[in-house]
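Below are my entries, in the order in which I made them.

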Amino acid sequence: MCGKEFEPRTSLNRYCSYDCSYKIQKKSIKKYQKKVKTKKAVTKLSSLKKKADNIWKSVGKEGAVCEVCKRMPEHKVKYKQLHAHHIVGRKNMTLRWDLRNRIWLCAYHHTLGPISAHNSPRWFMEEFFKVNYPDDYNYLIKHETKITKVTADYVTRCILRMGDEST
């Protein structure tokens with residue numbers, strides 16, 4: 001550490017003095033503290049994302065019905081569950097917590113049926129969503145190519161915006 005040459009008396013001696021030993025320990029403590037700060041920031045961001053996801057899928061659920069069953073009576077099914085479906089996938093961070101990127105679907109029209117948003121995405125986007133929600137469709141097409149850097153501040157703004165839109 002200090003550049004002095006020394007001969008260790010035992011295999012446990014690694015430093016010439018207490019001062020050199022202390023300097024090394026101090027450096028390793030600083031490295032550890034940086035790691036802890038980074039982990040805390042990542043943990044905070046991931047917990048904010050979970051909170052935003054929960055708000056996104058719960059806002060407006062009371063009184064909601066399956067949009068396919070409502071708009072297309074010939075496809076109506078009896079369902080017990082209602083799912084929040086991302087029209088543009090969750091990986092798109094610009095639209096992930098945008099309420100215009102959500103549609104309520106029963107389990108059958110979300111994932112289970114042959115004509116569902118996941119099993120027949122082209123039908124869902126072109127035949128159903130584009131026809132029944134042209135304004136939202138154009139909005140999503142316009143915004144789906146935007147790239148957004150996800151920070152704790154951005155997620156917090158999304159949470160606040162969803163809270164404002166729910167009231």
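**Entry 1**

I began with Ile115, which I found in the loop between H3 and H4. The helices (H or I, at least four residues) and strands (E, at least two) in my notes are DSSP runs, numbered from the N terminus. Residue numbers start from 1 along each chain as its sequence is written. I kept in mind that this is a predicted model, where local features need pLDDT of at least 70, side-chain atom pairs count only at pLDDT 80 or more, totals for chains, interfaces and linings use all residues, and side-chain values use heavy atoms, with hydrogens and water left out.

Is Ile115 buried or partly exposed? I noted it as partly exposed, because its relative accessible area is 29%. For my scale, buried means under 20% relative accessible area, exposed over 50%, and partly exposed in between (1.4 Å probe, protein chains only). Leaving aside neighbours within four places in sequence, Ile115 is in contact with His75, His109, Ser120 and Trp123. Contact here means heavy atoms within 4.5 Å. I also looked up Val68, 47 residues away from Ile115 along the chain, and the two C-alpha atoms are separated by 10.0 Å.

Ala117 has its place in the loop between H3 and H4 too. I put Ala117 down as buried, because its relative accessibility is 5%. Which residues does Ala117 touch, leaving aside neighbours within four places in sequence? I listed His85, Leu105, His109, His110 and Phe124. From Ala117 to Leu105, 12 residues apart along the chain, the C-alpha separation is 8.6 Å.

**Entry 1: His109**

His109 counts as buried because its relative accessible area is 2%. With neighbours within four places in sequence left aside, I found His109 in contact with Cys66, Val68, Cys69, His75, Val77, Ile115, Ser116 and Ala117.

Next I checked which residues of H4 are buried, and wrote down Trp123, Phe124, Met125, Phe128 and Phe129. Their cover includes helix H2 (67-71), strand E1 (82-86), strand E2 (102-106) and H5.

How many aromatic pairs does a search of the whole structure find? I got six. Rings of Phe, Tyr and Trp (its six-membered ring) pair if their centres lie within 6.5 Å; planes under 30 degrees apart count as stacked, over 60 as edge-to-face and the rest as tilted. Trp123 and Phe128 form a stacked pair, 6.1 Å centre to centre with 20 degrees between the planes. I had both Trp123 and Phe128 down as buried. Ring pairs also link Trp123, Phe124, Phe128, Phe129 and Tyr133 into a cluster.

**Entry 2: H4 against H5**

I then looked at how helix H4 (residues 121-132) packs on helix H5 (residues 134-143): the angle is about 110 degrees and the axes are 5 Å apart. That makes H4 roughly perpendicular to H5. Axes are lines fitted to C-alpha atoms, for helices over the stretch in contact, and angles run from 0 to 180 degrees between N-to-C directions. Angles under 35 degrees count as roughly parallel, over 145 as roughly antiparallel, 65 to 115 as roughly perpendicular and the rest as oblique.

On the H4 side I listed Met125, Glu126, Phe129, Lys130, Val131 and Asn132, and on the H5 side Pro134, Asp136, Tyr137 and Leu140. I sorted the residues of this contact into six nonpolar, one polar and three charged. Ala, Val, Leu, Ile, Met, Phe, Trp, Tyr, Cys and Pro count as nonpolar, Asp, Glu, Lys and Arg as charged, and the others, Gly among them, as polar.

**Entry 3: arginines over rings**

I found Arg100 over the face of Tyr139, 4.1 Å from the ring centre. The charged end of Arg102 sits over the ring of Trp56, 6.0 Å from its centre. The rule is NZ of Lys or CZ of Arg within 6 Å of the ring centre and within 35 degrees of the ring normal.

**Entry 4: the whole protein**

Of the 167 residues, 34% count as buried.
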